[in-house]
Amino acid sequence: MTQVNTLVITGYGTNCEVECAHAAKISGADRVEIKHFSDLISGDTSLTDFNFLILPGGFLDGDDLGAAQAAANRWRHAKTEQGEPLLDQLKTFFTNGGIIFGICNGFQLLVKLGLLPAIDELYFERQVSLSHNDSARYEDRWVHLAANAKSPCVFTKGVETLYIPVRHGEGKIIAKDEATLAALQENNLIALQYIDPESGEVTQEYPMNPNGSPLGIAGLTDPSGRILGMMPHPEAYNHPTNHPSWTAGKTAELGTVLIKNGIDYLKSL
Amino acid sequence: MLRRIEAGLREGVVDTQGIKTANKIREALGFDVKEVRQVKVFTVDGLTEEQLATVVREAALHDPVLQDAALSPVSSQADWVLEVGFRPGVTDNEGRTARETIAIVLELEDRESVSVYVADQYHIYGDFSEDAIASIGRDVLANELIQRFEYKSKADWQKEPGFAAVAARVSGQANDEVVNLPFSTMSDDELMAFSRENTLALSLEELHTIRDYYANPDVVVERVKTGLSAEPSDAEVEVLAQTWSEHCKHKIFASKIDYTDTETGENEVIDSLYKTYVMGSTKTIRENKGKEDFCRSVFKDNAGVIDFNETHDVCIKVETHNSPSALDPYGGALTGIVGVNRDPMGTGIGADLVCNTNVFCFASPFHKGELPPRLLHPRRVLEGVREGVEHGGNKSGVPTVNGSIVFEERYLGKPLVYCGTVGMIPKVVAGKPGYEKAAKVGDTIVMVGGRIGKDGIHGATFSSEELHEESPATAVQIGDPITQRKAYDFIMRARNKGLYNAITDNGAGGLSSSVGEMAEDTNGCRLDLSKAPLKYDGLRPWEILLSEAQERMTLAVPADKLEEFMALAERMDVEASALGEFTDSGYFHVTYGDKPVAFLSMDFLHDGVPQMQLKAVWERPEHKDESVTVADAEQGNLLKSMLARLNICSKEYVVRQYDHEVKGGSVIKPMVGVKCDGPSDAGVVRPILDSDSGIVLSHGINPTLSDYDSYWMMANVIDEAVRNAVAVGGDVDFMSGVDNFCWCDPVQSEKTPDGHYKLAQLVRANKALADFCTAYGVPCISGKDSMKNDYTGGGVKISIPPTVLFSVMGVVKDVNKTTTSDFKQDGDKIYVLGATARELAGSEVAEELGISAAAFPKVDAESALARYRAVHKAIGAGAINACHDCSDGGLGVALAEMALAGRTGALINLDAVPVTEEMNATEVLYSESASRLVVSVPEDKVEAFEEIFAGQAYGCLGEVTGDEQFVIASGATVLVADNCESLAQSFKGTLKF
């Protein structure tokens, strides 16, 4: 069984690192570490010592210039003190079979780095972006999601629906053109979608679809299925009392199941 | 050379922010705006043409999927183009990020060689006059205190598109000028004029005390040795003014008060309200609790600390940021929240941040009529404050778990913005108790975080005055949550490695205050201002010393850890500067390089301020007692009007825009019920994710009662805060309190002819604080006061109603034993706990019906305490399915909120409500008697429940029904019969912005 070594990256405005690490811990990861971006630069930490990378939510650089825009540039141009481009490390990590999970601001980072959706395996090319919600507001509310059973995503395997919170102002997918949007569908790169819980159907209706994202897109995967990025926060539903109606006895599958699936996937290798 | 990079959305991309802006203009001014398209403008200095081209080509500053960027203006068919940028020296967060990003993309070694200034350009479609477009700029899009705007008509834009590049740069030369002030020869009038002109807020007595200090020959001898003159330097006077300000020294709370109660004819002298009542009651409570005392550190640090569990303590601080929020609601509130975050960060050896609470007091956002000069419309204040706290809280990654908004017309004069933060400290940090700290002689003074600018100079003294037409713009600052977050990440790591001995934040008074306070540990310091990093040149030494520029912490770093400390800071991209050292010289000694700037005896600095002598006279105000009559047939409509009232209606519009779940420990959220739209009584969080222990956070506030008797205002506020915490399952025996007084000036003067009465109100509130905190066993562990919440201008004076926010932080052992207010289960029995009296003064219904009432709610602490303990027991035993406090709007509103939150009807028999006197239905429904709760009890637990409450006042009013019909009857008369959804719509309609 493969040892699962999870690395949670923080720094420059990331703020969900603790609950992400906790989710990995309770989901069976063998080792979980929270490291600051500067630890990658100093060389104290190398991505290649890990096989599960979590990019948590937050406000990298305060969302100035657009969510994760500045951080994407930082990742793209950073070199370790030993002179190795950080992007090379990331590429090696991925080529070695590592899995990557970006949540909210982490998803925005993956999209802006071009790691998602990587249609035609064109990694590191920005094909879509995440822009302001139709409401033009940041909002914290719980939403219902359905996983796309046809997607290659290793994190959503066996998951049908989820009920977890969104907490963002820039979560609406904008594709660079119509063909890109069509390709997301054709290649089953849409991993998670906002649904109407009554009908179970994908919805564009606010607030069930909280940002107006086309095709109800809440999360995307890449052609390998080893990268997942999503706007809602699965790690925020890590305990029964996180559920908004738990006092009325309501319960659902914990959002941390996605992280558990990633860990189980690695263990199964 | 200055160049502009302009980035607009690509064709076909919907401009959601432009739509929002258009709506804002329509709502604020009623203009028929057809469309707004927004463009981001980066004015860049310090790059070559080739570098600029690279920035655009590499999409450093824009998103090529969404935007097009160019070094030329966008073409536009808009009727007007209006551009808003910052004035020089105002914090420009986006500009900072843009500069860093450019440096990264161009791989520049020196970020400082580049400057970026960000502006927003609005392309506005619609048929407007030039006056109208100027109004859009002035009244909606820009705050001229901190921003400038310019505009061009379509014709002008077609002729010559774009605006000239402007750098919002502060130009100045490095400056080490220290001016000596001839206090010894100044007349009283001259001294007072000097104090006024320099916003020092020093009284004549204080000025004399300062003058006398310098006249002392011993002082002169010591001063001459350091190279200073016998007269005070500008920096010294500024330091004293700041340290002795009402804001920092709480002189009114520390004063000697001659208090006369004309009702009883009694007279007494109170030597410090603070020591007598606030500290005094906490001391008594701690003694009473004996071994059960959970206080760790109270009143001496930036936040009060109590016990949490085996591994951690928790702390809390609540601040106000009223004056800055009045001038610039966004910046003021943003700074308020990121500022109060630094209090726990600087408590003990440094706390992790857990959650925030925010309470605002505004005039009605629907206010009509002329505004006095300098005041902003309450809707604009609300929006600005809401957004400031949104950005401050969300970007800092601290959940906002509790709060409220109070609306009252007198807050037009000054809005109140209360911001509070809870932190958590490990019991042991690097082998030492986490809640303690002390600088040691020889430790280096290190400043960490942001840089120093002119921002916030005189904040402490400015907030010690009323707001007037000439209030200084420099008192306003804009916070930078990301710079602070970076510093926080660094400090937590340095803390865990044991790299420093003490830490405090830079708030009011800046370095002067933070270093001055820490120097009390060692009895002295030597500070070199020339080593302080500045945002721009041109600050004089006293300005560096007093600047309240944000995002800075001051630490005491021991010599053997300094190198590691500085290296870690550099690695984590955080600016840290060694500015001097802590000494035991007995002096607060400041230099600029070798040049002496200030040399003040520590004793004089901290204890030299003379005690104020004040007079207070209590005379009970008269209020008519009118009868309340509402026809039975009107009761249904009255309930809906009550639910829609500003002080009762849903605040979901604000709540949703605050992250209340980050950190993953959310247990009881601000909105509850099946559709998450019912009001919650208190917030509960689980700060340690692998533990089920929780923190309960609640508050009470009720300014209208101050118009009747501030003693009972305070009693009700404490009762409400405790009751809210009890309603979610809190344990009254494990609760601590925080008192935040916001008063109108209570010092008798020409400006304040009713000062004796206002001070008597303050005395009475303090007496109640001591009485009720002691009765409940809830110790105050921290607090703050803000005493000058008045406005004068345009011949008008507006004083806020005396307002106390009482916050409660409690500990629950098991979060699984908490609950919410929504009805959950058909067949549950509904009980009201506590009796109802005819107490309508200050109530929402009296206001709604426009009647005057005389009897206000009183608190019987003994019966209330027994009830609160019983509720805690019953919730723990699973005998309560829903619990809600009765406060604004009384029983009628509480019941309706529980039904609408659960979308589950109820059948209520009003005749079963235990009452203390004869009352009609309206009075029973809407009286605001204290200490009452409504609960629903599962049928099979009724017996157990009633046993727990045996001997107490309660009534079984009916039951939860499954049919969504909410019915209140009295005898055979149905008073209210409505659908839960319809009640919810009334509750949610008012602030549906």
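Q: Where does UniProt put the "domain: PurM-like C-terminal" feature in chain B?
A: The unreviewed entry places it at residues 440-591 and 825-966 of chain B. The coordinates here are a predicted model.

Q: What is the helix and strand content of residues 825-966 of chain B?
A: That span is 34% helix and 19% strand. Its end C-alpha atoms lie 14 Å apart.

Q: Which residues of chain B does UniProt list for "binding site"?
A: B:Arg342, B:Gln477 and B:Ser786, again from an unreviewed entry.

Q: Is B:Arg342 buried or exposed?
A: B:Arg342 has a relative accessible area of 2%, so it is buried. Its place is in helix α14 of chain B, residues 329-345.

Q: What does B:Arg342 touch?
A: Leaving out residues up to four places away in sequence, its contacts are B:Gln484, B:Asp505, B:Asn506, B:Gly507, B:Gln550, B:Glu551, B:Arg552 and B:Met553.

Q: And B:Ser786, where is that found?
A: In strand β31 of chain B, residues 780-786. B:Ser786 is buried because its relative accessible area, 14%, is under 20%. With the residues up to four places away in sequence not counted, it touches B:Thr320, B:Asn322, B:Phe741, B:Cys742 and B:Trp743.

Q: Switching to helix packing. How do α15(B) and α17(B) cross?
A: Helix α15 (residues 378-396) and helix α17 (residues 481-496), both of chain B, have axes that come within 9 Å and cross at roughly 30°. Angles under 35 degrees count as roughly parallel, and the two helices are therefore roughly parallel to each other. The crossing is right-handed.

Q: Which residues make the contact?
A: From α15(B), B:His391, B:Gly392, B:Lys395 and B:Ser396; from α17(B), B:Pro481, B:Ile482 and B:Arg485. They divide into two nonpolar, three polar and two charged.

Q: Backbone next. Which peptide bonds in chain A are listed as cis?
A: Among them are A:Leu116 to A:Pro117, with omega near -5°, and A:Tyr206 to A:Pro207, with omega about 0°. A:Pro117 is in the loop between α5 (105-113) and β5 (128-131) of chain A. A:Pro207 is in the loop between β9 (190-194) and β10 (217-221) of that chain.

Q: What is phi at A:Tyr12?
A: Near 60°, a positive value in a residue other than glycine. Most residues other than glycine have a negative phi. A:Tyr12 lies in the loop between β1 (5-10) and α1 (17-26) of chain A, and counts as buried at 8% relative accessibility.

Q: What about B:Arg903?
A: B:Arg903 has a positive phi of about 45°. It lies in the loop between α28 (890-902) and β37 (906-909) of chain B. B:Arg903 counts as buried, at 8% relative accessibility.

How values were computed
Residues numbered from 1 in each chain as written. Chains lettered and ligands numbered in written order. Predicted model: local features only at pLDDT ≥ 70, side-chain atom pairs only at ≥ 80, totals over all residues. Heavy atoms only, no water. Axes fitted to C-alpha atoms, helices over the stretch in contact; angles between N-to-C directions. Helix = DSSP H or I, 4+ residues; strand = E, 2+ residues; numbered from the N terminus. Parallel < 35°, antiparallel > 145°, perpendicular 65-115°, else oblique. Left-handed = near helix turned anticlockwise from the far one by under 90°. Contact = heavy atoms within 4.5 Å. Nonpolar A, V, L, I, M, F, W, Y, C, P; charged D, E, K, R; others polar. UniProt positions renumbered as here; feature names shortened; annotations may be inferred. Buried < 20%, exposed > 50% of the residue type's maximum accessible area, 1.4 Å probe, protein only.
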